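Here are my notes on this one, as numbered points you can check against the model on your screen. Have a look at the fold before you start reading.

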Amino acid sequence: MSNKSAADFYGSIPVFRGFARLMEPALYRSLPDDWTVGVADIVDSTTAIADRRYKAVNMAGAAVIAAVTNGLEGREFPFVFGGDGASFAVGPDDVERARGALAATASWVREDLGLAMRVALVPVAAIRAHGLDVRVARYGPSANLSYAMFSGGGLGWAETAMKRGEFAVQAAPPGIEPDLSGLSCRFEEIPSARGLILSVLVLPAQDADPREYRKVIEDIITLVEHSPDSGRPVPAGGPALKWPPQGLDYEVRASRGGPLFARRVRILGRTLFVYLIMRFGIRIGGFEPALYTQQVVENSDFRKYDDALRMILDCTEELARALSARLTDAASRGIVRHGLHRQDAAMMTCFTPSALRPDHVHFIDGARGGYASAATALKAATG
């Protein structure tokens with residue numbers, strides 16, 4: 001399969017609108033047998049979260065997607081951001097580029113962020129040999145872009161295999177840097193407007209009836225979408241932007257070329273320029289600050305499905321209790337496993353290869369542990 005046909009496979013999947021349709025099987029297409037799934041996560045992210053290294057953990061997860069995208073020279077491929085890691089899939093002609101990007105990212109995460117990252121490349125054929133599948137859909141939160149959704153159980157199996165040490169990709173030697181162009185975290189934390197930011201993680205229980213599981217997921221989405229007590233965690237006017245930005249040090253470390261001090265001076269100048277343009281709404285060439293801000297809001301990736309329902313919600317305590325009650329009941333009946341985590345703010349990590357294109361992506365997580373803490377809660381509840 002050539003690069004063109006690999007990109008064509010994913011590009012040929014129709015984009016669906018309306019997140020409530022998420023569990024419709026007809027929306028998903030099975031990956032070709034000769035594709036490979038990539039998985040990455042932070043080792044012992046619980047300790048990093050306890051040390052309040054929330055932004056570093058998110059930066060590491062988003063770096064995987066940035067490095068692979070840049071390694072593939074912008075070719076479209078399915079990926080999903082998981083907070084303390086990421087998953088994706090590539091065709092056979094792109095697998096070695098993805099391997100190099102993963103190895104370099106693991107090295108960068110260790111050297112520059114002081115975190116240990118596991119990375120693995122798992123053949124789809126190996127997943128199917130264990131009776132599972134990897135199916136992909138494309139959800140369009142706006143007219144600007146689509147995000148991949150994964151089902152079939154294969155992604156979860158690949159992550160478990162990675163944690164056992166199988167299919168591992170070794171980190172590159174120190175000094176081999178990934179291309180993280182476009183990766184930044186310039187926006188401030190986003191405080192809750194309704195009371196709390198709720199990180200939601202829901203997986204099927206072992207041997208759960210697929211029909212009952214689908215109904216629970218659809219009930220949860222309906223409850224959220226029909227409630228006036230819940231909404232997108234990114235405000236209509238976009239997140240606050242200050243200078244110097246809160247994530248300056250991470251962006252400096254993600255940049256390339258020259259010693260750290262020189263990179264810091266360069267990024268300080270670049271971010272000041274951007275801040276002034278955005279603060280005063282100055283149009284530069286084809287860049288319109290108001291349009292870009294609107295796209296940031298519309299493109300925010302605050303809910304997804306990757307063999308698990310993940311959502312970051314700005315909601316009231318009442319709705320959080322209602323969601324918890326519904327999920328606890330479903331768990332008691334052997335349908336789901338779930339984890340919830342409450343915090344006072346959300347945060348955004350951005351991947352903007354070009355500010356002139358509308359398909360820049362913005363990954364949302366809770367600002368005090370987010371998905372990683374929801375996963376910890378899930379493990380504590382299931383033992």
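1. Which helix does Gly61 lie in? Gly61 sits in helix 3; helices here are DSSP runs of H or I with at least four residues, strands are runs of E with at least two, and both are numbered from the N terminus. Gly61 counts as buried because its relative accessibility is 0%. (Buried means under 20% relative accessible area, exposed over 50%, and partly exposed in between, with a 1.4 Å probe and protein chains only.) Leaving out neighbours within four places in sequence, Gly61 is in contact with Phe81, Gly83, Gly85, Ala86 and Met117, where contact means heavy atoms within 4.5 Å. Asp34 is 27 residues from Gly61 in sequence, and their C-alpha atoms are 25 Å apart.

2. A word on the source before going further. This is a predicted model, so the local features rest on pLDDT of at least 70 and side-chain atom pairs on pLDDT 80 or more, while totals for chains, interfaces and linings use all residues. Residues are numbered from 1 along each chain as its sequence is written, and side-chain values use heavy atoms, with hydrogens and water left out.

3. Now the overall picture. The protein chain has 12 helices and 18 strands. Its C-alpha trace spans about 55 × 45 × 40 Å along the principal axes. The radius of gyration is 20 Å, which agrees with the value near 21 Å that a compact globule of 383 residues would have; the radius is taken over C-alpha atoms, and the globule rule is 2.2 Å times the number of residues to the power 0.38. Of the 383 residues, 54% are buried. Among contacts between residues at least 6 apart in sequence, 78% join residues at least 24 apart.

4. What about the surface and the charges? The protein chain exposes about 15700 Å², and carbon and sulfur atoms supply 53% of that area (Shrake-Rupley method, 1.4 Å probe; for residues, only the protein chains shown count as cover). There are 43 positive and 43 negative charges, and their mean positions are 3 Å apart. Lys and Arg count as positive and Asp and Glu as negative, with His and the chain ends not counted; each charge is placed at NZ of Lys, CZ of Arg, CG of Asp or CD of Glu.

5. Arg303 is worth a click. Arg303 lies in strand 14 (residues 303-305) and counts as buried because its relative accessibility is 15%. The side chains of Arg303 and Glu225 make a polar contact of 2.9 Å. (That term means a pair of N or O atoms within 3.5 Å; within protein, one must be able to donate a hydrogen and the other to accept it, and residues adjacent in sequence count only if both atoms are side-chain atoms.) Not counting residues up to four places away in sequence, Arg303 also touches residues including Phe19, Tyr139 and Met149.

6. Gln343 is another buried polar residue to look at, with 6% relative accessibility. Gln343 is found in strand 16 (residues 336-343). A polar atom of the Gln343 side chain lies 3.1 Å from the backbone nitrogen of Gly370. Beyond four places in sequence, the residues that Gln343 touches include Leu196, Ile197, Leu198 and Ser199, and also Gly369 and Gly370.

7. Which residues of helix 10 are buried? In helix 10 (residues 289-298) they are Pro289, Tyr292, Thr293, Gln295, Val296 and Val297. These buried residues pack against helix 9 (260-280), strand 13 (300-301), strand 17 (345-351) and strand 18 (361-366).

8. Some backbone details deserve a check. Trp243 and Pro244 are joined by a cis peptide bond, with omega about -5 degrees; Pro244 is in the loop between strand 12 (230-231) and helix 8 (248-254). Glu73 is not a glycine, yet has a positive phi of about 55 degrees. Glu73 lies in the loop between helix 3 (54-71) and strand 4 (79-81) and is exposed at 57% relative accessibility. Asp207, also not a glycine, has a positive phi of about 65 degrees. Its loop runs between strand 11 (196-204) and helix 7 (210-225), and Asp207 is exposed, with a relative accessible area of 75%.

9. Last, Pro191. Pro191 lies in strand 10 (residues 190-191) and is exposed, with a relative accessible area of 60%. Pro191 touches Asp344 and Ala345, not counting residues up to four places away in sequence. Asp314 is 123 residues from Pro191 along the chain, and their C-alpha atoms are separated by 8.9 Å.
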